[in-house]
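Please walk me through this model, feature by feature. I would like the general idea each time, then the case at hand.

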Amino acid sequence: MKTKLSPIVAGTMNWGVWDKNLSTSQMEHMIHICFENQITSFDHADIYGNYTTEADFGKAFGQCKIDRNKIQFISKCGIQHVNGRNNTIKHYEYSKDYIIWSVENSLKNLQTDYLDVLLLHRPSPLMVADEIAEAVTKLKKEGKIIDFGVSNFTFSQTELIRQKIAINYNQVQFSATHHEAMLDGSLDYMQLHNIRPMSWNPLGTVFREDIEQTRRLKKLLVQLVDKYHLGSDTILLAWVLKHPANIIPVAGTVNIARIQALIKAVEMDLDTLDWFAIWTESMGNKVP
């Protein structure tokens, strides 16, 4: 049985020094805003903020007075950065001892006794499935993690690990501008094996790049905003949510108005023709 996450997850990558550099009180406020808007799951990774954001969040959460059992913490491990650690080169580490140490370090930083979901951040050519399974089994037995998954894994890489230990999540890039996961078999595989996808960067590059693809989408979104009386960001999330793989978007915004609008995507009934219109404008041609 999978951990119950909120239909939209708050991504914390940009909360710390990598971008917004929120203070403790500002992070505390953001946690409350998310919680009040039915976003109760928070996505972390040990590397965020060069290994500082988890601890900053944990300090803020410690002041929140929110019942830990009413929110969910997701975190990822495995990427070894040069910044923030004594590494000479960026690499991946998935030994049994390292996974266990990393989870225990995240628990300390987040000021919690357990992670609701642990994800392996990116696949490594050197990962040994048996070692990963041993680490996950030990962490589950000790109650330090409740659920387990992967992130950015292909279906063959996922299957390699799944043969040794149950995988319930895979966090991949998926949006109206980056939809390869529904064409390369990834989302099909997840549906076949009851693996719940999470989508990082679910709004894609619509608001961040000015290229032909995003200009086409913005032109269409003007019409759809008028039709549905909802914002472009809400409509783009509804596009992700309509896929039958039951994808959970990980939204990294710290804009309060946008956070308040995001949950409306869960209730939105995006017409099938409009879904295909968005895909068509993204590709720049008719569907095959």
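The dialogue below takes up the strands, then a helix pair, then the cores.

A: This is a predicted model, in which local features need pLDDT of at least 70 and side-chain atom pairs count only at pLDDT 80 or more, while totals for chains, interfaces and linings use all residues. Residues are numbered from 1 along each chain as its sequence is written, and side-chain values use heavy atoms, with hydrogens and water left out.

Q: In what order do the eight strands close into a barrel?

A: Strands of a sheet pair through backbone hydrogen bonds, either parallel or antiparallel. Here the order is S1-S2-S3-S6-S7-S8-S9-S10, with parallel pairing. Strands are DSSP runs (E, at least two residues), numbered from the N terminus. Two strands pair if DSSP finds at least two bridges between them.

Q: Which residues stand opposite each other along the strands?

A: Start at S1 (residues 9-11), joined to S2 (residues 41-43) by three bridges. Val 9 stands opposite Ser 41. Ser 41 in turn faces Gln 72 in S3. Four bridges then link S3 to S6, where Ile 74 is opposite Val 117. S6 (residues 115-120) pairs with S7 over five bridges, and Leu 119 has Gly 149 as its bridge partner.

Q: Which residues of S3 point each way?

A: In a regular strand the side chains alternate between the two faces of the sheet. In S3, Gln 72, Ile 74 and Lys 76 point one way, and Phe 73, Ser 75 and Cys 77 the other. Six of the six residues of S3 (residues 72-77) are buried, so the strand is largely enclosed by the rest of the structure. Buried means under 20% relative accessible area, exposed over 50%, partly exposed in between (1.4 Å probe, protein chains only).

Q: At what angle do H8 and H9 cross?

A: Two packed helices are described by the angle between their axes and the distance between the axes. The axes of H8 (residues 212-228) and H9 (residues 232-241) come within 9 Å and cross at roughly 95°. The helices are therefore roughly perpendicular (65 to 115 degrees). Leu 221, Leu 224 and Val 225 of H8 meet Ser 232, Ile 235 and Leu 236 of H9; contact means heavy atoms within 4.5 Å.

Q: Which residues touch the most other members of the largest nonpolar core?

A: Nonpolar side chains tend to be buried together in soluble globular proteins. A nonpolar core is a set of buried Ala, Val, Leu, Ile, Met, Phe, Trp, Tyr and Cys residues joined through side-chain atoms within 4.5 Å. Of the 77 residues in the largest one, Trp 15 and Trp 239 touch the most other members. A second, separate core of nine residues includes Leu 5, Val 9, Leu 119 and Val 250.

Conventions:
Axes fitted to C-alpha atoms, helices over the stretch in contact; angles between N-to-C directions. Parallel < 35°, antiparallel > 145°, perpendicular 65-115°, else oblique.
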